[in-house]
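Reader: I am new to this structure and would like to learn how to read its features. Please show it to me first.

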Amino acid sequence: MDFLISQIKGIGTRKEKLFYRLGIHTVTELLQYFPREYEDRSHVQRIGETPAGAAPVLICGTVGMIQEVRPRRGMTILKMVLSDGSGAVELVWFNQPFKKRLFKTGMTLSAFGKIEWAYGRRQMNAPETEPGPVQGSGFMPVYGLTDGLYQTDLRKAVQQALKIAAQHRDIVPGWEGARQSGYSVMEPLEAYQSMHFPVSMEEQQRARQQLAFEELFDMQLGLLLRRRREGLQQGIKCAPNGPLLQSFIRKLPFALTQGQTDAFLDIQADMEGETPMQRLVQGDVGSGKTVVAAMALAKIVENGYQGALMAPTEILAVQHYEEFRRLFHGLPVRVGLLTGRIPAKEKAGLLDALRKGTIQILIGTHALIQKDVVFWDLGLVVTDEQHRFGVRQRAALRQKGRAPHTLFMTATPIPRTLTLSLYGDLDVSSIHDMPPGRKVVKTYVVGNTMRRRIYTFMEKLMAQGQQCYVVCPLVEESETVDLQAAAALYDQLRISVFKNRACGLVHGRMAGKEKEAVMDAFQRGDIQLLVATSVIEVGVNVPNATLMLVDGAERFGLAQLHQLRGRVGRGNLQAYCILLSKGGSEETRQRLQWMETIHDGFVLAEKDLLLRRSGQLFGYAQHGLPDLKAADIIRDVSLLAAARDKAADYLKGPVMEQTILEALQRRFGAAFEGLLKN
Ligand code: ADP
Ligand code: MG
C-alpha cells in the first residue's frame with residue numbers, strides 16, 4: 001500500500017501538480033527525493049571570521065542601529081547592523097517594511113544567510129532570522145525545485161512523509177534481502193531521516209552509503225534474475241559454421257579486422273551454445289559492426305531460421321538493406337526491407353513471404369514490431385543503435401520468435417568499469433580497431449575570429465564536390481531559441497557566404513518525413529551544406545561529407561562531440577572536425593583539447609567519466625535502467641561490485657522469487673519493467 005502525496009497536509013491540487021513535475025507522486029517517492037546539498041546550521045559562526053561569498057552561515061549577535069530608507073516611492077530598504085565580538089555585518093531587506101517591527105536595537109538575534117560584499121560593505125541580504133541565541137540545528141536539506149515550489153514546501157512535505165513512514169513502515173523502500181547483506185547498520189527509517197535532516201555530515205554519509213548499497217543490490221538482483229530466467233530457456237543450438245557462412249566470408253570485399261573477427265568468434269560460441277545469446281557489440285562509428293551482424297544473420301539462416309535487424313530510422317534501415325543486398329549477392333539468401341514507407345501491396349507480399357519463410361532476413365525500422373509481422377521461425381534478433389529503442393520495443397521484436405538469440409549493437413562506447421552497471425549480465429564484445437586505411441579526422445578547436453577562414457575552407461571543399469555539416473549549439477531548456485539560432489545561421493549562410501551552394505536545414509521540431517527528405521537529399525548530394533541542431537541522425541553514412549563544423553562546441557559533452565565527429569571521415573577523403581568555441585571553464589578547455597588529440601571513443605569515454613556526473617553520462621537513462629536515487633554510478637563503482645557479489649550470493653540461497661519481484665517493483669516502480677526485460 002502506498003500514500004499519495006495529496007494525502008500530506010498542506011499539499012492541495014495545485015501543489016500536487018508541482019510535485020508531479022519533480023516526478024513525485026507518492027510518499028515513497030518523496031522519501032527518495034534526496035537533497036541536492038545541505039545548509040550547515042550545525043553551529044554558530046563568528047561574524048568576523050566568516051569570509052564573504054561562501055555558503056550560507058548561521059550567525060548570532062546584537063542588533064545595532066536600525067534604519068529604514070525610502071530612496072523613491074514604492075521602495076523601502078530596511079538595514080541594521082549585527083555584531084558579535086569578532087566583527088559586524090549589515091542585514092538588508094528590500095521592500096519588506098513589515099519586518100521592521102520584528103527587531104529592536106540591542107536585542108540578540110540569530111540570522112542565517114549568505115555574507116556578500118555590496119557597496120564596499122559586508123551584507124547579508126534577506127536572511128532568515130530568529131530572536132535570541134540558537135542552538136545549532138544540524139543541516140538543512142536543499143532540494144531541487146520547480147517553479148512555484150519553495151524549499152519550505154519540500155522540507156515540510158518531507159517532514160510529514162517521515163512521520164507517515166514512522167506509522168507505516170511498509171512504505172519505506174528497501175527490504176530484508178538487501179539489508180541482510182551486512183552493509184546496513186541503520187534502521188531503514190533512520191537512514192532516510194539522516195539523508196534528509198542529518199545531524200552531522202558523517203551521519204549523512206553513513207546513511208547514503210547504506211541506501212546506495214541497498215539500491216545497487218536491488219538493481220543487480222533484478223539484472224541477475226533476468227539473466228537467470230533467460231539462461232533457463234533452451235536456445236537454438238546452431239551447428240558449426242557451414243558452407244553458406246564460409247562463402248559469405250570468402251566473398252567479402254575486404255579482410256575482417258581483428259576486432260570484427262573476435263566479436264564474431266564470441267557470437268559464434270554463443271549461438272552454438274545451449275542458451276539464447278544475449279550479447280552487446282560495441283564499437284566506434286565506422287568500426288564495421290554491420291558486417292558482424294550480417295555474419296550472425298548468415299549463421300542463423302544457415303541453421304534454417306530467420307533473422308531480423310531493426311534500425312532506429314528509415315534512412316539507416318535502407319542503408320543496411322542496400323549493404324546486405326551487396327553482401328549476400330549471389331548467395332541463396334533473400335533479404336527483405338520493411339519500413340513505414342513500403343506501399344501496402346508490396347508489404348502484403350513481403351509479409352506473406354515472411355510467414356512462409358521464403359524471406360530469411362528482414363531489415364527494417366520499428367515497423368518490424370507491428371502485429372501483422374509474423375515470422376515462419378525467427379531465430380536471431382539484431383538491434384542496431386540499441387539505446388535508441390525502448391525496452392518494450394526490443395522485447396516486442398524478440399517475442400516474435402521462441403527464445404531467439406539476441407544481439408545488440410551500439411556506437412556509444414561504455415567504459416569497462418560501467419558495462420557491468422549498465423548492462424548487467426549482457427555479454428559484451430568490443431571492437432577496438434578500425435578498418436585499415438581509415439584516416440584520422442583532423443580536429444581543431446578554434447575561436448570565433450577564425451570563422452571567416454573556416455568558411456573559406458568549406459567553400460574550397462564544396463567546390464571540389466565534397467559536403468559539409470554545420471551543427472548549432474543546443475541552448476539549454478529552450479528548443480525554440482535553438483531553432484531560431486539555427487534558422488538564423490542557416491539563412492545567413494545560405495544568403496551570403498554560401499549563396500552558390502545548395503543548403504539545407506534539419507532540426508528536432510521537423511516532422512519525421514520532412515526531416516528524412518532533407519537527409520535523403522544530403523545523402524544523394526543534392527544538398528551540399530547541411531545546417532542542423534544537434535539532432536543529426538545517428539549512424540548516417542555519407543562518405544562524401546568531409547567537414548563537420550560544430551558551432552558553440554563548448555556546450556557539447558565529449559560523447560556528443562565524438563558522435564558528431566563520427567559523421568565525417570567515412571570515406572577515403574581526408575576529413576575535418578572544427579570545434580568553434582567561445583572558450584569557457586578550465587573543464588571546457590580540457591574537454592575540447594581531448595577532442596583534438598584523442599580519436600578513440602573508448603578512451604574518450606574514460607575521460608568523460610572524469611568530468612561528468614552519472615546522470616548525463618552517455619545517456620544512462622536511455623538504457624532503460626531505473627534512475628538511481630542514492631547511488632552514483634561513477635562514484636560508487638566499488639560499492640557496485642560488492643552489491644553485485646552479494647546479490648549473486650543471495651540468489652544462490654533459497655530465494656522466493658515472488659518476494660524479490662515485489663520488493664523491486666516497490667523500489668523501482670515504472671522502471672521495474674525495464675530492469676527485468678531488456
Ligand atoms: P558501424 O560500426 O559504424 O556500423 P559500418 O558497419 O557502417 O560501421 O561500417 C562502416 C564502413 O566500413 C562500411 O562502408 C563498411 O562496408 C566498411 N567496412 C566494414 N568492415 C571493413 C573492413 N574490415 N575493411 C574495410 N572496410 C570495412
Ligand atoms: Mg552502424
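Author: This is a predicted model. Let us begin with a group of rings: Trp175, Tyr183, Phe213, Phe217 and Tyr650 make up one aromatic cluster.

Reader: How many aromatic pairs does the structure hold?

Author: There are twelve aromatic pairs. One of them joins Phe34 and Tyr192, which are stacked, with 5.9 Å centre to centre and 25° between the planes. Phe34 lies in the loop between α2 (27-31) and β1 (37-40) and Tyr192 in helix α5, so this pair ties together parts 158 residues apart in sequence. Both Phe34 and Tyr192 are buried.

Reader: Why is the pair of Phe217 and Tyr650 edge-to-face?

Author: Planes over 60 degrees apart count as edge-to-face. The planes of Phe217 and Tyr650 stand at 75°, with the ring centres 6.0 Å apart, so the pair is edge-to-face. Phe217 belongs to helix α6 and Tyr650 to helix α20, 433 residues apart.

Reader: Is Phe217 buried or exposed?

Author: Buried means under 20% relative accessible area. Phe217 has 0%, so Phe217 is buried. Tyr650, at 24%, is partly exposed.

Reader: What does Thr76 touch, leaving out residues up to four places away in sequence?

Author: Thr76, in strand β3, touches Val69, Arg70, Trp93, Phe94, Asn95, Gln96 and Pro97. The C-alpha atoms of Thr76 and Trp93 are 8.3 Å apart. Thr76 counts as buried because its relative accessibility is 6%.

Reader: Where does the charged end of Arg41 sit?

Author: That charged end is over the ring of Phe112, 3.8 Å from the ring's centre.

Terms used:
Residues numbered from 1 in each chain as written. Chains lettered and ligands numbered in written order. Predicted model: local features only at pLDDT ≥ 70, side-chain atom pairs only at ≥ 80, totals over all residues. Heavy atoms only, no water. Helix = DSSP H or I, 4+ residues; strand = E, 2+ residues; numbered from the N terminus. Buried < 20%, exposed > 50% of the residue type's maximum accessible area, 1.4 Å probe, protein only. Contact = heavy atoms within 4.5 Å. Phe/Tyr/Trp six-rings, centres within 6.5 Å; stacked < 30°, edge-to-face > 60°. Lys NZ or Arg CZ within 6 Å of the ring centre and 35° of its normal.
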